[in-house]
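These are my notebook entries on one protein model. I record what I looked up, in the order in which I looked.

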Amino acid sequence: MADTLLDDVGDLLWEAADQVVLPLFRKLDDDDVSEKAPGEVVTVADRRAEELLAAGLRRLRPGSMVVGEEGVADDPGLLRHLRDGGDVWLVDPVDGTANFAAGRRPFALMVSLLSDGRPTAGWILDPLAGTLAVGSADEGTLLNGRPVDSAGSVPPLGELRGAAMTRFLPPETRDRVRAGGQRLGELLPGQHCAGREYLDILTGEQQFVLFWRTLPWDHAPGSLLVRAAGGVARRFDGVDYHPADDGHGLLVAANERVWGEVHEALLST
């Protein structure tokens, strides 16, 4: 990886935020928001930011492929490239679009890089909070330029704090998670922005997060950043998460111990 790539993509995310996303925050017209699927909205900011990011990423890595959330909405076949050789970028131009469209925070801009099918780098920017996480599988994770060790000091089971996205869970699993949450310090409802959930693990605001839906652009950046900082991202059955794999259920934790304790509390029968 080029020495400047982490910085270059971080700068590109800030460019997209400053030029496209933030100028449209709380200034969208009705024509700027549409429904791309039942219950799933897209805004002009999503589309314009993805165009800017895609062009910039291709300049940084000539010959690379870009798989963006909005591009996949138009052509689902793009997902086949996640196992390709060479460099493939995954782009979520506005993560937390429903928040953004409603004029709420948080929302984030996210990118990840897969090289020969292997996740190698990730970026998450929360522009309103001024928080940028960048990292690579080989070099670790930086939060606003400072190294992160999410696997450091974490509280005992009864004080663990984290979020569970229960909306889409199967009913039996949802009931189990809610009941098991009583064994933890605090079980949060989630912020409707996967990028912010991952950032909150990196900052120590929470020690875990549980998802059911695992769309690759939502989780490839954050799962890499948490892992590079010493954390764990696995399916409910214990298999390591890969963005090209189909399936549901993902538990992300600050370290191995937290993953095991939260899995036992929320998911074990």
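Entry 1, the five-stranded sheet. I found an open sheet of 5 strands in the order β11-β10-β12-β14-β13, with mixed pairing. The model is predicted, local features need pLDDT of at least 70, and side-chain atom pairs count only at pLDDT 80 or more, while totals for chains, interfaces and linings use all residues. Residues are numbered from 1 along each chain as its sequence is written, and side-chain values use heavy atoms, with hydrogens and water left out. I note that helices (H or I, at least four residues) and strands (E, at least two) are DSSP runs, numbered from the N terminus. Two strands pair if DSSP finds at least two bridges between them.

β11 (186-188) and β13 (232-234) are the edge strands; each has a single partner strand, so one side of each has no neighbour in the sheet. From one strand to the next, the twist averages 15 degrees. Angles run from 0 to 180 degrees between N-to-C directions, and axes are lines fitted to C-alpha atoms, for helices over the stretch in contact.

I then looked inside this sheet. Strand β12 (residues 208-211) pairs with strand β14 (residues 250-253) in the antiparallel sense over 4 bridges. Leu 210 has Leu 251 of β14 as its bridge partner.

α6 lies across β10 (161-164), β12 and β14, at about 155 degrees to β12. Helix α8 (residues 256-266) lies across β11, β12, β13 and β14, and runs at about 140 degrees to β14. Contact means heavy atoms within 4.5 Å.

I found 7 strands in an open sheet of mixed pairing, ordered β3-β4-β5-β6-β7-β8-β9. Its edges are β3 (65-68) and β9 (146-147), each with a single partner strand, so one side of each is left without a neighbour in the sheet. Strands β7 (residues 131-136) and β8 (residues 140-143) run antiparallel and are joined by 4 bridges. Gly 135 stands opposite Thr 141 in β8.

Helix α1 (residues 5-24) lies across β4, β5 (108-115), β6 (118-126) and β7, at about 40 degrees to β6. α7 lies across β4, β5, β6, β7 and β8, at about 100 degrees to β6.

I asked at what angle the axes of α6 and α7 cross. The axes of helix α6 (residues 194-203) and helix α7 (residues 216-228) come within 9 Å and cross at roughly 5 degrees. The two helices are therefore roughly parallel to each other (angles under 35 degrees count as roughly parallel, over 145 as roughly antiparallel, 65 to 115 as roughly perpendicular and the rest as oblique). Among the residues making the contact are Tyr 198 and Ile 201 of α6 and His 219 and Leu 225 of α7.

I noted about 950 Å³ of space in the largest pocket. A pocket is an open set of points on a 1 Å grid over the protein atoms alone, where a 1.4 Å probe fits, with protein on both sides within 12 Å along at least five of seven lines; lining residues have an atom within 4 Å of a point. Grid points are joined across faces, edges and corners, and a volume is the space filled by probe spheres set on the points. Of its 34 lining residues, Glu 40, Phe 168, His 192, Arg 213 and Asp 218 are the closest to its centre.
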